[in-house]
There are 2 protein chains.
Amino acid sequence: MKLDDFLAAMVMAPTTSQLDLTSAYAPVRRDLDVVVRLFDAEVTADLPFVNELVATVRSYRGKMLRPALLLLAGKATGTITATHHTLGAVVELVHMATLVHDDVLDEATERRRHPTIAALAGNTAAVLLGDFLISHAFHLCSSLNDQYASRRIGATTNTVCEGEMLQDWQQGNFALTEAEYLDIIRRKTAVLTATCCALGARYAGASQAQIDALESFGLAVGVAFQIVDDVLDIAGNEHTIGKTLGLDLDLGKATLPLIHFLREAESSDRAAMLRRLKVRAERTGEYLRGRLEDSGSLLYALQEAERYVRQAQCRLDLLPASDARSSLLALADFVVQRQF
Amino acid sequence: MKLDDFLAAMVMAPTTSQLDLTSAYAPVRRDLDVVVRLFDAEVTADLPFVNELVATVRSYRGKMLRPALLLLAGKATGTITATHHTLGAVVELVHMATLVHDDVLDEATERRRHPTIAALAGNTAAVLLGDFLISHAFHLCSSLNDQYASRRIGATTNTVCEGEMLQDWQQGNFALTEAEYLDIIRRKTAVLTATCCALGARYAGASQAQIDALESFGLAVGVAFQIVDDVLDIAGNEHTIGKTLGLDLDLGKATLPLIHFLREAESSDRAAMLRRLKVRAERTGEYLRGRLEDSGSLLYALQEAERYVRQAQCRLDLLPASDARSSLLALADFVVQRQF
């Protein structure tokens, strides 16, 4: 994909240029409905005001990418069971918890066209609601008969927390290398998508080789997803995406386009960029976006994301042809073609 | 205990008037050492700056009341196993996570004579470190052979989160009733101490009657503990206690002494108090403390705490006499006699 196509698509209405997620999800559509029911049942409390907050979280549910990966990985390698449905709700609860806490940390005010919990009910309520969601994720996971998934989910959330802490610690460090950036996004994003794919395959009775292939697939898809998320934060359309953008640069988080620019630019361009980055008020807006676009840095990031997607798709050669396998390949494409 | 004794003890050095926790912990001293080792091993990360933050959390470890309850409940009803050691570290991790997030929510700057994580590394780091600790709690718990403890811990943290959310929601409501206050502290504090005692007994092979008795004991001790914590926040000595005090009134949290005052005072005194409470700057300081002391409201709260302690202690009549049972009785006494 060319940068021009990508940017052009961004100003179009969200439904006209997106890959059709509905058709990609078709092989597991009814299973996703079960996941939604389990999710809703798990987070229903005996306190009405908690249920109101949770209703807002439900409106964030959006793409359901992680449960879809888990279910499709299962369907592509064997049979979907009740355990898959439970785990689908668990990984979505984990993801929702990270979104709610992320919005506190990023001082965001909008998420999927709705006000964030922090904007709606205050930071305190948002911290507590995130805790509530993660607690319910583990509670639901512990309803399974064996401990394997709990261990795996626990190890995954340990790593996600480390990734978030690493990102926070590196905030304001514009000397961040590409390798350090990749380490952060692997931990904070890709390990969870890898776990979704691995658990889906394992509980469907897949072979170890298939489980490993799907885990690698999930890891590479997660890396690509986060690179694109970071590109959209710089170059996306706030209306189309439906959440507050420009936060990474505003908060001093170096992501792949900026890392590429600072590495490749002439020394005078580099110095001019670093001078601007020193002042929070000058970190956003058209100038920076223009520089990152003209320099080819946005394009570089998107090409890297595409490279990870191709790498992910190659790992699925091992699986027999099926609708579910086709959907996984399509979801990987969606990751770089999405505008939301 | 009289209020005068209680307040007099508060200005004394912390070591002179406290019950000797060391002797109460004696029956499980070596087990507590194992718990500390498991705790430390679980939270060691491959990221040096994470380990530095965790080192600060270790300095909060303080009383280790929850692992001590779990181990003593086990010892009083049967045999302590490796599962008890693991669960001791799990409940301490859960407790530490709540402390770290509480400090963010309360805007506290000092905890156990050390700066809070939020004061030291910022709110973002504190939110993430709390998440890291809760994740490691569940991860460690999932290393056990069966799911029972994971389910129980998950259900407990669900309730703790609800209690915290309820407290946040009721902030600024000075019409809070005693029953509503008790519901909050049962959820946010007492359910965890109840779970510690119940799990300790269950994994020691106790009878269901013993498990139930210890669970009731833990619940009543937890309620008493929180009532005293709230009294200390109003009437305690910041130097002796080693953490920021006066936060409840400052943030508009009604606790038992204030609830009693507003319920029992003459209407003119009640109106004068409510006028002051409307203005955040007037909520703290000697005037309020003086009014709550003179009116007998602080004493009422302490007497209620003592009543819960007696109620807790009666439940242990069911257990055979042992050093561990004596220690549980002594710990219950400590809860109302402590000044830290």
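This is a predicted model: local features need pLDDT of at least 70, side-chain atom pairs count only at pLDDT 80 or more; totals for chains, interfaces and linings use all residues.
**Entry 1: the interface.** I checked which residues take part on each side. Of the interface residues of chain B, 100% are also interface residues in chain A, so the copies meet through the same surface.

**Entry 2: chain A as a whole.** I noted 19 helices and two strands in chain A. Its radius of gyration is 20 Å, close to the 20 Å given by the globule rule for 340 residues, so chain A is as compact as a globular protein of that length. I recorded a C-alpha trace spanning about 60 × 50 × 35 Å along the principal axes of chain A. Buried residues account for 54% of the 340 residues in chain A. Of the contacts in chain A with a separation of 6 or more, 78% join residues 24 or more positions apart.

**Entry 3: a helix pair in chain B.** I turned to helix α6 (residues 65-77) and helix α19 (residues 323-337) of chain B, whose axes come within 8 Å and cross at roughly 145 degrees. I recorded this crossing of α6(B) and α19(B) as left-handed. On the α6(B) side I listed B:Ala68, B:Leu69, B:Leu72, B:Lys75 and B:Ala76, which meet B:Ala324, B:Arg325, B:Ser327, B:Leu328 and B:Leu331 in α19(B). The residues of this contact divide into seven nonpolar, one polar and two charged.

Key. Residues are numbered from 1 along each chain as its sequence is written. Chains are lettered from A and ligands numbered from 1 in the order in which they are written. Two residues are in contact if their C-beta atoms, placed from the backbone, lie within 7 Å. Axes are lines fitted to C-alpha atoms, for helices over the stretch in contact, and angles run from 0 to 180 degrees between N-to-C directions. Helices (H or I, at least four residues) and strands (E, at least two) are DSSP runs, numbered from the N terminus. A crossing is left-handed if the near helix is turned anticlockwise from the far one by less than a right angle, and right-handed if clockwise. Ala, Val, Leu, Ile, Met, Phe, Trp, Tyr, Cys and Pro count as nonpolar, Asp, Glu, Lys and Arg as charged, and the others, Gly among them, as polar. The radius of gyration is taken over C-alpha atoms; the globule rule is 2.2 Å times the number of residues to the power 0.38. A residue is buried if 20 or more other C-beta atoms lie within 10 Å of its own, exposed if 12 or fewer, and partly exposed in between; C-beta atoms are placed from the backbone.
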